[in-house]
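Here is a short briefing on one protein chain. Keep the model open as you read.

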Amino acid sequence: MTTVLRPWGDRRAGAPSPATTEEAGMPLDWDWVRQRYEGGAQLWSLTGSAPVRVVEIDDDRICLSQSLWRDCVARSELEAAVVLLNTGEIATEPVAFAEALRRRRAHVDTGCTRGPNLTAIVLRDLGYLAS
């Protein structure tokens, strides 16, 4: 049986903890994620220097923005990242996680490298990465 990394807990008082539903084949409870970010939220960048806003979330992606950019991370990318965390294939410290994810994707994606950072920002806020 695979050991499943559970989120480290929610930093928002009163919010329920997300369920990792390994039995159902879903590494991330997307309904819980949508509920958490519906209506927007403010998250901190990896270095904590500037806030990042959740500006949209739907069945397939979550979109974030700062003053000069807007970008989205696919639900499937977040789920794949949680699988990597669950199997211990990737670091749990946010910056190291983003760099490792970037290296894993380098052969596929040679364009903008914002995706791994945004994935780390969201997963840290959800409690999957160290704060």
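Among contacts in the protein chain between residues at least 6 apart in sequence, 50% join residues at least 24 apart; contact means heavy atoms within 4.5 Å. This is a predicted model: local features need pLDDT of at least 70, side-chain atom pairs count only at pLDDT 80 or more, and totals for chains, interfaces and linings use all residues. Residues are numbered from 1 along each chain as its sequence is written, and side-chain values use heavy atoms, with hydrogens and water left out.

**Overall layout**

- The protein chain has four helices and four strands. Both are DSSP runs numbered from the N terminus: helices are H or I with at least four residues, strands are E with at least two.
- Read from the N terminus, the order of elements is α-β-β-β-β-α-α-α.
- Of the 131 residues in the protein chain, 40% are buried. Buried means under 20% relative accessible area, exposed over 50%, and partly exposed in between (1.4 Å probe, protein chains only).

**The nonpolar core**

- The largest nonpolar core holds 33 residues. Such a core is a set of buried Ala, Val, Leu, Ile, Met, Phe, Trp, Tyr and Cys residues joined through side-chain atoms within 4.5 Å.
- Y37, I62, F97, L123 and L126 have the most contacts inside this core.
- At least two core residues come from each of α1 (30-37), β1 (41-44), β2 (51-57), β3 (61-66), β4 (69-74), α2 (75-86), α3 (94-105) and α4 (114-126).
- The largest share, six residues, is supplied by α4.
- Leaving aside residues up to four places away in sequence, I62 touches W30, Y37, V54, E56, I57, D71, C72, V73, L78 and V122.

- W30, W32, V33, R36 and Y37 are buried in α1.
- These residues lie on the same side of α1, because they cover an arc of only 155° around the axis. The arc is that of the directions from the helix axis to the C-beta atoms.
- An α-helix has 3.6 residues a turn, so residues three or four places apart point the same way.
- D31 and Q35 are exposed on the other side of α1.
- The buried residues of α1 pack against β1, β2, β3, α2 and α4.
- G39 follows α1 and has a positive phi, near 85°.

**Helix pairs**

- α1 and α4 cross at roughly 90°, and their axes come within 12 Å. Axes are lines fitted to C-alpha atoms, for helices over the stretch in contact, and angles run from 0 to 180 degrees between N-to-C directions.
- That makes α1 roughly perpendicular to α4. Angles of 65 to 115 degrees count as roughly perpendicular, under 35 as roughly parallel, over 145 as roughly antiparallel and the rest as oblique.
- W32, V33, R36 and Y37 of α1 make this contact with V122, D125 and L126 of α4.
- α2 and α4 pack at about 70°, with axes 10 Å apart. α2 is therefore roughly perpendicular to α4.
- L78, A81, V82 and L85 of α2 meet T119, V122 and L123 of α4.
- α2 and α3 cross at roughly 110°, with axes that come within 12 Å. This pair is therefore roughly perpendicular as well.
- On the α2 side, E77, A81, L84 and L85 meet F97, L101, R104 and R105 in α3.

**A look at T119**

- T119 is found in helix α4.
- T119 counts as buried because its relative accessibility is 1%.
- Beyond residues up to four places away in sequence, T119 touches V73, L78, A81, F97 and L101.
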